[in-house]
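Trainee: Let's go through this model term by term. I want each label set against its definition.

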Amino acid sequence: MNTRELPVVPDRRTVESAVALACRAPSLHNSQPWRWVMGTTLRLYSDPDRLLPATDGFGRQMVISCGAALNHLEYAFTANRWRPVIERLPRSSDRQLLSTVGFVPAPTPTDFVARMAAAIERRRTERLPLDAPSAWTETLEQLVRIIAGTGVELEDLGERSRPALEDASRRMTGLRHDDPTYQAELRWWSGRGLFPDGVPEQARPSDSQQHSVHLSREFPPGRASTPDGSPSEDRAAILLLSTSTDSRLDWLRSGEALSAVLLACTDRRLATCPVTHLTERAATRTMLRELSSGDGMPQVLIRVGAGTGVGEPSPTPRRPLSEVLVRERPAPGNLSGE
Ligand SMILES: Cc1cc2nc3c(=O)[nH]c(=O)nc-3n(C[C@H](O)[C@H](O)[C@H](O)COP(=O)(O)O)c2cc1C
């Protein structure tokens with residue numbers, strides 16, 4: 001290959017720092033079910049060894065988590081003057097391949113992109129009660145604008161839906177108490193103090209605060225608790241992301257939309273928590289569909305509100321880059337690799 005025809009790729013350090021930021025994305029139980037391979041393009045694969053079969057048998061949330069990482073990656077590169085050219089679900093015999101990412105040099109990022117990228121390291125999942133978000137109408141308009149064109153619908157379910165959602169959440173929690181496989185999986189992903197994955201105890205509500213948020217997945221008690229004077233009752237807005245169908249592309253796109261919503265809220269100093277237990281059973285998913293004004297397939301609920309900021313949880317751990325990013329060896333005679 002003539003050197004002039006070589007594909008343009010960012011240097012190693014740029015790739016590594018963008019992938020490290022992408023891996024700050026939220027994932028189901030912090031399972032981090034992704035793998036990246038850097039060759040002439042960067043490829044994103046889901047990692048079936050990190051599927052949670054009792055919670056997410058079809059791998060829907062595994063793909064949503066990867067979609068969130070893909071969107072984080074997009075902001076990380078764009079903020080660093082590379083425009084990623086994303087192909088979703090390219091033809092491949094490997095079902096785990098979710099995306100290839102090519103690169104085009106880009107101009108200085110807009111203020112919006114720089115702020116979204118800066119929000120990556122500040123974002124956390126907040127499971128304690130939140131106050132109602134301020135400037136909500138304006139925020140909601142921005143969130144709808146940000147995900148326009150992705151095929152993912154965003155709706156504020158409003159206060160009118162809270163009693164039904166909280167009631168369904170309580171019933172779902174009760175049902176799951178009788179599901180030993182689900183409980184074993186939850187414990188496995190919640191008690192991994194020495195591992196760089198799972199939901200650590202500082203991110204899980206303490207025993208006394210376990211049930212202060214009624215619309216929440218129940219985790220084994222942890223150490224997170226609200227400081228004095230902070231809201232004791234949850235007044236978070238409740239958003240629903242849904243898609244017209246329920247394909248793998250819809251899941252990937254839902255993850256991308258989830259990421260963009262979380263980052264935009266973080267940029268606005270709002271606290272967020274994805275909530276998905278009600279999407280994991282057909283009956284509760286149907287209920288979500290009925291609460292929605294649309295007819296889409298519910299993918300993720302998101303609580304958004306004002307946190308106190310005091311006692312903010314420290315970042316949850318991530319696996320080392322060496323475990324998730326591989327550099328492909330160039331084929332003999334191919335000069336484009338390293
Ligand atoms: C697809 C998906 C589903 C999730 N479901 C829940 C949930 O039901 N309840 C919850 O508290 N957090 C949920 N989360 C948040 C993860 O637990 C969280 O992202 C992970 O523990 C990493 O922590 P961080 O977001 O603070 O970085 C979900 C995240 C994703 C991407």
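Mentor: Start with two helices, α4 (residues 136-147) and α7 (residues 248-267). This is a predicted model, where local features need pLDDT of at least 70, side-chain atom pairs count only at pLDDT 80 or more, and totals for chains, interfaces and linings use all residues. Residues are numbered from 1 along each chain as its sequence is written, and side-chain values use heavy atoms, without hydrogens or water.

Trainee: What describes the packing of α4 and α7?

Mentor: Two values: an angle of about 145° and axes 10 Å apart. Angles run from 0 to 180 degrees between N-to-C directions, with axes fitted to C-alpha atoms. The crossing is right-handed; that word is used if the near helix is turned clockwise from the far one by less than a right angle.

Trainee: Which residues make the contact?

Mentor: α4 gives Gln142, Leu143, Ile146 and Ile147, and α7 gives Ala257, Ala260, Val261, Ala264 and Cys265. Contact means heavy atoms within 4.5 Å.

Trainee: How many residues of that contact are nonpolar, polar or charged?

Mentor: Eight are nonpolar, one is polar and none is charged. Ala, Val, Leu, Ile and Cys are among the types that count as nonpolar.

Trainee: What does α4 lie across?

Mentor: α4 lies across β5, β6 (237-243) and β8, at about 170° to β5. These strands belong to an open antiparallel sheet of four, ordered β5-β6-β8-β7.

Trainee: Why do β5 and β7 stand at the edges?

Mentor: β5 (152-156) and β7 (271-275) each have a single partner strand, so one side of each has no neighbour in the sheet. The twist averages 25° from one strand to the next.

Trainee: What makes β7 and β8 a pair?

Mentor: Pairing takes at least two DSSP bridges. β7 and β8 (residues 297-305) have five, in the antiparallel sense. In that pair, Cys273 faces Arg303 of β8.

Trainee: What is the order of the five-strand sheet?

Mentor: β3-β4-β2-β1-β9, open, with mixed pairing. β3 (82-88) and β9 (325-327) are the edge strands, because each has a single partner. Five bridges join β1 (residues 34-38) to β2 (residues 42-46), which run antiparallel. Trp36 stands opposite Leu44 in β2. α7 packs on this sheet, touching β3 and β4 (97-105), at about 155° to β3.

Trainee: Which residues come nearest to the ligand?

Mentor: Arg123, Thr125, Arg127, Thr276 and Arg318, of 23 residues around the ligand. A residue is near if one of its heavy atoms lies within 4 Å.
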